[in-house]
Amino acid sequence: MTEKQDKKFVPYEHDHPLKKMKLFFVIVNDGQADSVIARLHELGCACSVVTNAQGTAKQESYELLGFGNPKKQMIIALINEQSIDEIIGYLESRFHVSNAAKGVAFSLKISSIIGVSIYKFLTDTRENKEIKKHGKTK
């Protein structure tokens, strides 16, 4: 038997604390996603995507109510459940700055992530610091 075969299989969660994750959505006015993403990453978000979006109201409604442009940006981020209160606090304060800084945010529970490597990547808990810094090994 080889040394590798002698070792008993131990599930990852037995040796490592698991972080519960949420899929977090933030919809902001066009051009405002960068500042939100920067703050999300400061608060521990390891993975995010931005996409362009369109408000559902008619252009006349936007002009009548003074909301401006119906163009939006939607941020989809994977966040640690423990960070949710701090992130919501940041967004609430940001959304109260002015009418131009309004937005919508909500989260969805993630019930499972399949694969230890995927989990490590999405939660930014990879052990190899060289990969983390440079995206590759030497």
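The model is predicted, so local features need pLDDT of at least 70 and side-chain atom pairs count only at pLDDT 80 or more, while totals for chains, interfaces and linings use all residues. Residues are numbered from 1 along each chain as its sequence is written, and side-chain values use heavy atoms, with hydrogens and water left out.

**Overall make-up**

- The chain has seven helices and four strands; helices (H or I, at least four residues) and strands (E, at least two) are DSSP runs numbered from the N terminus.
- Read from the N terminus, the order of elements is α-α-β-α-β-α-β-α-β-α-α.
- Of the chain's 138 residues, 27% count as buried, meaning under 20% relative accessible area with a 1.4 Å probe and protein chains only.
- Among contacts (heavy atoms within 4.5 Å) with a separation of 6 or more, 71% are between residues 24 or more positions apart.

- Four strands form an open sheet in the order 2-3-1-4, with antiparallel pairing; two strands pair if DSSP finds at least two bridges between them.
- Strand 2 (47-54) and strand 4 (103-109) are at the edges and have a single partner strand each, so one side of each lacks a neighbour in the sheet.
- On average, neighbouring strands of this sheet are turned by 20° against each other, direction ignored.
- Strand 1 (residues 21-29) and strand 3 (residues 71-80) run antiparallel and are joined by nine bridges.
- Lys 22 is placed opposite Ile 79 of strand 3.

**Helices on the sheet**

- Helix 3 (residues 33-42) lies across strand 1, strand 2 and strand 3, and runs at about 5° to strand 3; axes are lines fitted to C-alpha atoms, for helices over the stretch in contact, and angles run from 0 to 180 degrees between N-to-C directions.
- Helix 5 (residues 84-95) also packs on the sheet, where it touches strand 1, strand 3 and strand 4, and its direction makes about 5° with that of strand 1.

**Helix 3 against helix 5**

- The axes of helix 3 and helix 5 come within 10 Å and cross at roughly 155°.
- Helix 3 is therefore roughly antiparallel to helix 5, a term for angles over 145 degrees.
- Helix 3 contributes Ser 35, Val 36, Arg 39 and Leu 40 to the contact, and helix 5 contributes Glu 86, Ile 87, Tyr 90, Leu 91 and Arg 94.

Conventions. Angles under 35 degrees count as roughly parallel, over 145 as roughly antiparallel, 65 to 115 as roughly perpendicular and the rest as oblique. Buried means under 20% relative accessible area, exposed over 50%, partly exposed in between (1.4 Å probe, protein chains only).
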